[in-house]
Amino acid sequence: LPEALEKWSLDIMQKLLPRHVEIIETIDEELMNNIVSKYGTADISLLKQKLKDMRILDNVDLPASVAKLFVKTKMKKGKLLVESLESIAEADEKTEPEEEENILSETTEKKGESDSEEAPDAEKEDPEYELDPFAKYDPQLPRVVRMANLCVVGGHSVNGVAEIHSEIVKQDVFNSFYEMWPTKFQNKTNGVTPRRWIRFCNPELSAIISKWIGSDDWILNTDKLAGLKKFADDEDLQSEWRTAKRNNKMKVVSLIRDKTGYVVSPDAMFDVQVKRIHEYKRQLLNILGIVYRYKKMKEMSAKDRIKSFVPRVCIFGGKAFATYVQAKRIVKFITDVAATVNYDPDIGDLLKVVFVPDYNVSVAEKLIPASELSQHISTAGMEASGTSNMKFAMNGCILIGTLDGANVEIREEVGEENFFLFGAHAPEIAGLRQERAEGKFVPDPRFEEVKEYVRSGVFGTSNYDELMGSLEGNEGYGRADYFLVGKDFPSYIECQEKVDEAYRDQKLWTRMSILNTAGSPKFSSDRTIHEYAKDIWDISPVIMP
């Protein structure tokens, strides 16, 4: 949630939106009083941590009503600090409400006088009182508004957009808020419209679905897609299904030739990863897997290559933020690999690599119906949901992916046997990063092999030290393989071997494809919107005359 957690400057807001700041200060004070009421003062360390986690204003003086809880007694000559809540509470009971702002200084004076009376012995040390720095503004740091906390406090409802995402929100990102207001938190898994992503972009498959289901009611009621399950082994449906897929692949063959000049075979598996270019989405894992595949092919005889590998066209597409340098390096690396592999006469149609330029919705409407394998391989726990995975599944494309985002639910709906799963699980990620920081990670020899191959110069004269270096070391910005490419690499390439094995059996593969479409009803945006309307917006549909 990087955008949601962004902090806004309080000083700037006070200049531009003074009234808004007053309201935020009032909300923040009420929130802190609620926190004190819930957690009490018996465990002052817990209370302090909850206030740190939950308050809206950061590096702003605590209100006096809360700050008084964090006065410390400090003994002279450097003795240890001890919490002194009782004296402050006693003083507070004797103080009128309008005098509350002065309570801290007055209490310090009174307590000092009292202790002096009790300690006539000149050798007895007088206590001193000070406010915990936590409760005070630090002029060396900016004062900020924590926008995500403000949204949670002010919002009627808070929801994630996939089951795993909602659990992360509740158990990790906003756990303290969830403890305070558990009923405020919900899940609303994303969806996509079947009108565009099946009916409009894949008319040939749509006609087949309507024919076998017996109507086109599925366009408005996707639950009817489940009716395909009983025909998944029917040879006539499988034949029609494969024909529609090949016709869509022929359109993409033309698209690739027009946009890149590369000529690819429609008989090869179309393996597609199209999405925003980002390290957590791990296009780098995909292309390194392709490099490993290419290296193994080059080490074999022509006969062994054909026997060992299913022909593939590996298609990438997507855009990156203009200043995201590492993403640009990944795109450059993909195109460099393509320039080498696609012109290698030893490889021919066994392997092609394509980066489709200027990826957009119009391109997606062609690629998705033609795809046979789609890669959704983000580091577990980092993808909120994803929606392209839903579009691919609706069009009978089989997914390879981690247990992340909506992948978890897609796998449940289409059947575990119809989804290629690999990689670490979300609860393991923090521990794996810690293991790396402690220097305990031992990379798989195949991962070291592929990095060395990249650095050998086989893909041209470009310098890949920054890109490969991000996968090495144990700590430091841009180092230490934060997105766990090396950790998941062995699992990934082994899973890809299972993909090849399944694709060789076209009857099995087509069955898996049909069951992906039949298992996709849940991922209609119609279902998502109905859930929002019922559970959050509290509105009912209008019946049209």
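A charge sits over a ring if NZ of Lys or CZ of Arg is within 6 Å of the ring centre and within 35 degrees of the ring normal. Keep in mind that this is a predicted model.

**Stop one: charges over rings.** Select K184 and W181. The charged end of K184 lies over the W181 ring, 4.5 Å from its centre. Now select R143 and Y137. Here the charged end of R143 sits over the ring of Y137, with 5.8 Å to the ring centre.

Select F333 and F459, an edge-to-face pair with 6.3 Å centre to centre and 80 degrees between the planes. Which parts of the chain does the pair link? F333 belongs to helix α15 (residues 325–341), while F459 is in the loop between α20 (445–455) and α21 (465–469). The two are 126 residues apart, so colour the chain by residue number to see that distant parts are linked. Both F333 and F459 are buried.

**Stop three: a pair of neighbours in number.** Select Y482 and F483. Their ring centres are 5.1 Å apart and their planes stand at 85 degrees, so this pair is edge-to-face. Buried or exposed: what does F483 count as? F483 is buried, at 14% relative accessibility. Y482 is partly exposed, with a relative accessible area of 44%.

Conventions. Residues are numbered from 1 along each chain as its sequence is written. This is a predicted model: local features need pLDDT of at least 70, side-chain atom pairs count only at pLDDT 80 or more; totals for chains, interfaces and linings use all residues. Side-chain values use heavy atoms; hydrogens and water are left out. Rings of Phe, Tyr and Trp (its six-membered ring) pair if their centres lie within 6.5 Å; planes under 30 degrees apart count as stacked, over 60 as edge-to-face and the rest as tilted. Helices (H or I, at least four residues) and strands (E, at least two) are DSSP runs, numbered from the N terminus. Buried means under 20% relative accessible area, exposed over 50%, partly exposed in between (1.4 Å probe, protein chains only).
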